[in-house]
Amino acid sequence: MKFGTKVIHAGIEPDPSTGAVMTPIYQTSTYAQEAPGKHKGFEYARTQNPTRNVLQNNLAALEEGRFGICFSSGLAAMDAILKMLQPGDEIISTNDLYGGSYRLMVRIYQKFGIKAHFLDMSSPDEVLAAVNEKTRLFWIETPTNPMLNVIDIGQLCGIARERGILSCVDNTFASPYLQTPLTMGADMVLHSATKYLGGHSDVVHGAIVVNDEKLAEQLYFIQNAAGAVPGPQDCFLILRGIKTLHLRVERACQNAERIAHFLKQHPKVSKVYYPGFPEHPGHEVAKRQMRHFGAMVSFDLVEDNYAAAERVLSNTHLFTLAESLGGVESLIGHPASMTHASIPRDERLKVGLTDSLVRLSVGIEDVEDLIGDLEQALE
Ligand SMILES: *Cc1c(COP(=O)(O)O)cnc(C)c1O
């Protein structure tokens, strides 16, 4: 099955009890048993839910994996992965990571004796210099947020595999339509399904997909034992969102490309971060491992201060000033004061995350209207 067929059909059959074509929302906490221990494979809804099962199977197919494991949010999914580690273990991750992932590693897991190194993962030398006998996990995010650096998934997962280190790729920014990390050697793929998979900014949800049965068993155990599971209504909304994933992402990527080119020639814009430009340092890798260059664009202003950014941010009408990304509607954000406020200013500036940096999540509106909106806001 090709991608556009999988989003509609993979793992999805008419409901066996009624023939309902769309997956029903099994809003129940428990299931009747015929005799003690004699049941239809469903005992208690933290452990199994039919709506969730369908979504897990569909996600596994989209990511070219065997097992999908769903959670109540992207960070709950990440938390389940970190729970597989032991005190003394070390993680290697990127230095412009999603702020919430950074916070989970540093503010929660550090006190349990798990140490994370944050570095430039597009440099294999930097990664190799940080690897030691305690390294247990590579946490890769690509393209990165908000600087849109691109990391070579195949190369890094190869380095991890040779050394018996687990690798996980946070595929939230790309979505499985643009890249499938398991096919490039990753052990695990993580999604904040809140973003492109849901796609309509109306649900918070997370997922992991793996190929290895032992890894899947551990993660299903944690899903049930720690209990950060999504409700069936949320699973239904993600299933519904996924049906148009390929159409939405395709259109959003086309819009983003046009917008990146518009911004690049604008006299008030000093720099545009977009992997689709041939001069972007990650362009060749992105071309190899992604179907398109994504729908996130960041840009910096010639007037390099917060006031200049604020004027742009508070004058768009179609781009809504908000956190998050990946919905049908376009959003505009200010990483320094919003998503990345918890990262010290010196650290931010080192990676180019200035006070005037603006991040766009480009939606699927008509691109002429989006460009018009940015044009008047930049004036
Ligand atoms: C939003 C996001 C997360 C966290 O997901 P939630 O669903 O908000 O918990 C993790 N990684 C990336 C890249 C994100 O954008």
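Predicted model: local features only at pLDDT ≥ 70, side-chain atom pairs only at ≥ 80, totals over all residues.
Residues are numbered from 1 along each chain as its sequence is written, and side-chain values use heavy atoms, with hydrogens and water left out.

The secondary structure of the protein chain consists of 13 helices and 12 strands; helices (H or I, at least four residues) and strands (E, at least two) are DSSP runs numbered from the N terminus. For 379 residues, a compact globule would have a radius of gyration near 21 Å, and the 21 Å computed for the protein chain agrees with this. The radius is taken over C-alpha atoms, and the globule rule is 2.2 Å times the number of residues to the power 0.38. Along the principal axes, the C-alpha atoms fill a box of roughly 75 × 50 × 35 Å.

Contacts (heavy atoms within 4.5 Å) were examined between residues at least 6 apart in sequence; of these, 72% join residues at least 24 apart. The accessible surface of the chain, from the Shrake-Rupley method with a 1.4 Å probe, amounts to about 16200 Å², and carbon and sulfur atoms contribute 52% of it. Of the 379 residues, 55% count as buried, where buried means under 20% relative accessible area, exposed over 50% and partly exposed in between (1.4 Å probe, protein chains only). The chain carries 34 positive and 44 negative charges, whose mean positions are 4 Å apart. Lys and Arg count as positive and Asp and Glu as negative, while His and the chain ends are not counted; each charge is placed at NZ of Lys, CZ of Arg, CG of Asp or CD of Glu.

Six aromatic pairs were found in the whole structure. Rings of Phe, Tyr and Trp (its six-membered ring) pair if their centres lie within 6.5 Å; planes under 30 degrees apart count as stacked, over 60 as edge-to-face and the rest as tilted. The pair of Tyr274 and Phe277 is edge-to-face because the ring centres are 5.3 Å apart and the planes stand at 80 degrees. Tyr274 is buried at 2% relative accessibility, and Phe277 is likewise buried, with a relative accessible area of 4%. Together with Phe293, Tyr274 and Phe277 form one aromatic cluster.

Two cis peptide bonds were assigned in the model. The bond from Thr142 to Pro143 has omega near -10 degrees, and the bond joining Asn145 and Pro146 has omega of about 5 degrees. Pro143 is located in the loop between β4 (135-141) and α6 (153-162), and Pro146 also lies in the loop between β4 and α6.

Positive phi values occur at residues other than glycine, including Ser201, with phi near 50 degrees, and Ser324, with phi of about 80 degrees. Ser201 is placed in the loop between β6 (188-192) and β7 (206-210) and is partly exposed, with a relative accessible area of 43%. Ser324 belongs to the loop between β10 (320-321) and β11 (331-333) and, at 25% relative accessibility, also counts as partly exposed.
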